[in-house]
Amino acid sequence: MNETESPQFEPVTDADREIVAEQLGRPPRALRAIAARCPGGHPAVVQTSPRLEDGTPFPTLYYLTCPRLSAIVGKLEAEGVMREMTERLAEDAELAAAYQRAHKSYLAQRDAIEPLGHQVSAGGMPGRVKCLHVHLAHTLACGPGANPFGDETLRLVRAEGWPAGDCAQDNPQ
Ligand SMILES: [Zn+2]
């Protein structure tokens with residue numbers, strides 16, 4: 001895959017929009033696409049426009065919406081996983097290089113939609129690890145190898161039992 005191009009994502013249906021609004025507790029803003037779904041079928045990651053409808057920059061291109069995933073990731077963050085990841089960046093040149101590639105690819109995909117005129121990506125890339133939700137969303141949207149800490153976070157959330165419940169199987173209601 002060309003690293004500067006976003007994967008082709010599904011268009012957003014009205015049903016998706018309703019589910020994302022329920023997940024977030026508010027209507028989604030600047031929603032472009034459903035970038036990943038949980039195995040049960042509900043949206044897990046949305047792709048958001050680089051600017052909100054009112055023009056406010058929104059640098060987070062991939063946003064984790066599944067409440068269950070968000071809760072597991074929040075627990076990992078509270079356990080101090082990010083500090084340990086950031087420390088490894090200083091010691092592991094290969095990891096640091098992969099994280100730099102994730103940063104560049106993230107920016108290129110975002111700039112291809114609308115440049116924000118700065119080189120800040122998201123989640124602390126490329127020097128620090130500041131938000132695992134951002135990294136997991138990046139990996140779920142773009143696939144394994146897109147973001148080394150997203151890949152690690154995915155392994156960790158699987159070890160916590162995800163997918164289970166609605167994430168494994170949506171209730172047909
Ligand atoms: Zn889910």
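This briefing walks through the helix packing, the core and some backbone details of the structure above. The model is predicted, so to speak of local features requires pLDDT of at least 70, side-chain atom pairs count only at pLDDT 80 or more, and totals for chains, interfaces and linings use all residues. Residue numbers start from 1 along each chain as its sequence is written. Helices (H or I, at least four residues) and strands (E, at least two) are DSSP runs, numbered from the N terminus.

- Among the buried residues of helix 5 are His 133, His 135 and His 138, along with Thr 139 and Cys 142.
- The largest nonpolar core has 38 residues, and Val 45, Leu 64, Leu 69 and Ala 137 touch the most other members. Such a core is a set of buried Ala, Val, Leu, Ile, Met, Phe, Trp, Tyr and Cys residues joined through C-beta atoms within 7 Å.
- Elements giving two or more residues to this core include strand 1 (31–37), strand 2 (43–48), strand 3 (62–64) and helix 3 (81–91). Helix 5 gives the most, with seven residues.

**Helix 2 against helix 5**

- Helix 2 (residues 67–78) and helix 5 (residues 132–142) pack at an angle of about 130°, their axes 9 Å apart. The axes are lines fitted to C-alpha atoms, for helices over the stretch in contact, and angles run from 0 to 180 degrees between N-to-C directions.
- The two helices, helix 2 and helix 5, are therefore oblique to each other. The cut-offs are under 35 degrees for roughly parallel, over 145 for roughly antiparallel, 65 to 115 for roughly perpendicular, and oblique for the rest.
- On the helix 2 side, Leu 69, Ser 70, Val 73, Leu 76 and Glu 77 meet Leu 132, His 133 and Leu 136 of helix 5. Contact means that two C-beta atoms, placed from the backbone, lie within 7 Å.
- The residues of this contact divide into five nonpolar, two polar and one charged. Ala, Val, Leu, Ile, Met, Phe, Trp, Tyr, Cys and Pro count as nonpolar, Asp, Glu, Lys and Arg as charged, and the others, Gly among them, as polar.

**Helix 2 against helix 6**

- The axes of helix 2 and helix 6 come within 10 Å and cross at roughly 105°, and the pair is therefore roughly perpendicular.
- Leu 69, Ile 72, Val 73 and Leu 76 of helix 2 make this contact with Thr 153, Leu 156 and Val 157 of helix 6. By class, it has six nonpolar, one polar and no charged residues.
- Leu 69 also touches Ala 44, Leu 64 and Trp 162, among others, not counting residues up to four places away in sequence.

**Backbone details**

- Most residues other than glycine have a negative phi, and most peptide bonds are trans.
- A cis peptide bond joins Met 125 and Pro 126, with omega about 0°; Pro 126 is in the loop between helix 4 and helix 5.
- Another cis bond runs from Trp 162 to Pro 163, omega near 0°, and Pro 163 sits in the segment after helix 6.
- Ala 30 has a positive phi of about 55° although it is not a glycine.

Key
Buried ≥ 20, exposed ≤ 12 C-beta atoms within 10 Å, placed from the backbone.
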